[in-house]
Structure formats: structure tokens, C-alpha cells
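Hi,

Here is the structure I promised to pass on.

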Amino acid sequence: MEKINPSKLINREMTQRRISKSELARMLHMKPSSIHFMLDSEFMQVQRLLDLSNVFQYNFFREIADQLPHAEPATANPATAEITTLNERIKELEMEVRILQDTLERLIRK
């Protein structure tokens, strides 16, 4: 698997949003030299990436996770599990409605 470099993602967002390194330093309450060092590095602390996600209002974690070839973790949140179960039930009911509509149409045509 290719290395994921979060600095490339940050630089891309900075370019798209026309945010300079100096401006980003002010937004993060950091020295400009620290921003230069951070963006030149291949690695980044999780907390720093979280801070950047908040500044940009962009989920860098999701973008990185989407690049991973691994399965999703098991759902730990009961509310999320319930929503998943309800969505599956909705799909089942929608399919049942289509079958009943098809059956009704066939009966009417006879």
C-alpha cells in the first residue's frame, strides 16, 4: 500500500482555499516556521490533523480512511446499529411493496 502523506492533503486544501502558510499559522496559533516544518513532514500527530480538520471544516480522517483497504470496524454505537437495522428493514419493505404492486397489476390485467 502506498504511503499516505497528510501534508499533501493539507497543501491541496490550502491551495484550493487560497490559504497561505502564514494565514494557517495564525488560524492554528502557531509560528509560521512550525507550519513550514509540519507541511514538509511525511508524518503528522493525530491531534494536529484534528485541529486542521476543524480549521478547514474538512474531514481529513475520512479521506485517509477511504484510502485504506481494510474492513470497517464493527459498530459500537447502539444508535448507529439501530439505524442500520432500520435501513435494512426499509429496503425489505420497499421490495415487498414492488412485488405487491407487480402482483396487483398482473391481477388487474387478467
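Let me start with a glutamate. Glu13 is buried, because its relative accessibility is 4% and the cut-off for buried is under 20%. Keep in mind that this is a predicted model.

So what does Glu13 pair with? Its side chain meets that of Arg12 in a salt bridge, at 3.1 Å from N to O. Glu13 also has a salt bridge with Arg17, at 2.9 Å. Glu13 and Arg17 are separated by about one helical turn, because they sit four residues apart in helix H1. Both arginines count as partly exposed: Arg12 has 28% relative accessibility, and Arg17 has 36%.

Arg12 has a further salt bridge, this one to Glu63 at 2.7 Å, N to O. That pair links distant parts of the chain, since Arg12 is in helix H1 and Glu63 in helix H5, 51 residues apart. Glu63 is buried too, with a relative accessible area of 16%. Put together, Arg12, Glu13, Arg17 and Glu63 make a network of salt bridges. The structure holds eight salt bridges.

Now the nonpolar side. The largest nonpolar core has 17 residues, and Ile10, Leu24, Ile35, Leu52 and Phe56 have the most contacts inside it. Helices H1 (6-17), H2 (21-28), H3 (32-40), H4 and H5 (60-66) each give two or more residues to this core.

Setting aside neighbours within four places in sequence, Phe56 is in contact with Ile10, Glu13, Met14, Arg17, Ile19 and Leu24. That list includes Glu13 and Arg17, both of which belong to the salt-bridge network.

How many aromatic pairs are there in the whole structure? A search finds two. Phe56 and Phe60 are edge-to-face, 5.8 Å centre to centre with 90 degrees between the planes. Tyr58 and Phe60 are edge-to-face as well, at 4.9 Å and 65 degrees. Phe56, Tyr58 and Phe60 form one aromatic cluster. Within it, Phe56 is buried at 2% relative accessibility and Phe60 is buried at 0%, while Tyr58 is partly exposed at 27%.

Finally, the surface. Val46, Leu50 and Phe61 form a nonpolar patch there, with about 250 Å² of accessible area together. Of these, Leu50 is in helix H4 (residues 46-56) and counts as partly exposed, at 35% relative accessibility.

Cheers

Technical notes: Residues numbered from 1 in each chain as written. Predicted model: local features only at pLDDT ≥ 70, side-chain atom pairs only at ≥ 80, totals over all residues. Heavy atoms only, no water. Phe/Tyr/Trp six-rings, centres within 6.5 Å; stacked < 30°, edge-to-face > 60°. Buried < 20%, exposed > 50% of the residue type's maximum accessible area, 1.4 Å probe, protein only. Patch = residues over 30% accessible without salt bridge, like charges linked within 9 Å, V, L, I, M, F, W, Y side chains within 5 Å. Areas by Shrake-Rupley, 256 points an atom, 1.4 Å probe, with all protein chains shown as cover. Salt bridge = Lys/Arg side-chain N within 4 Å of Asp/Glu carboxyl O. Core = buried A, V, L, I, M, F, W, Y, C linked by side-chain atoms within 4.5 Å. Contact = heavy atoms within 4.5 Å.
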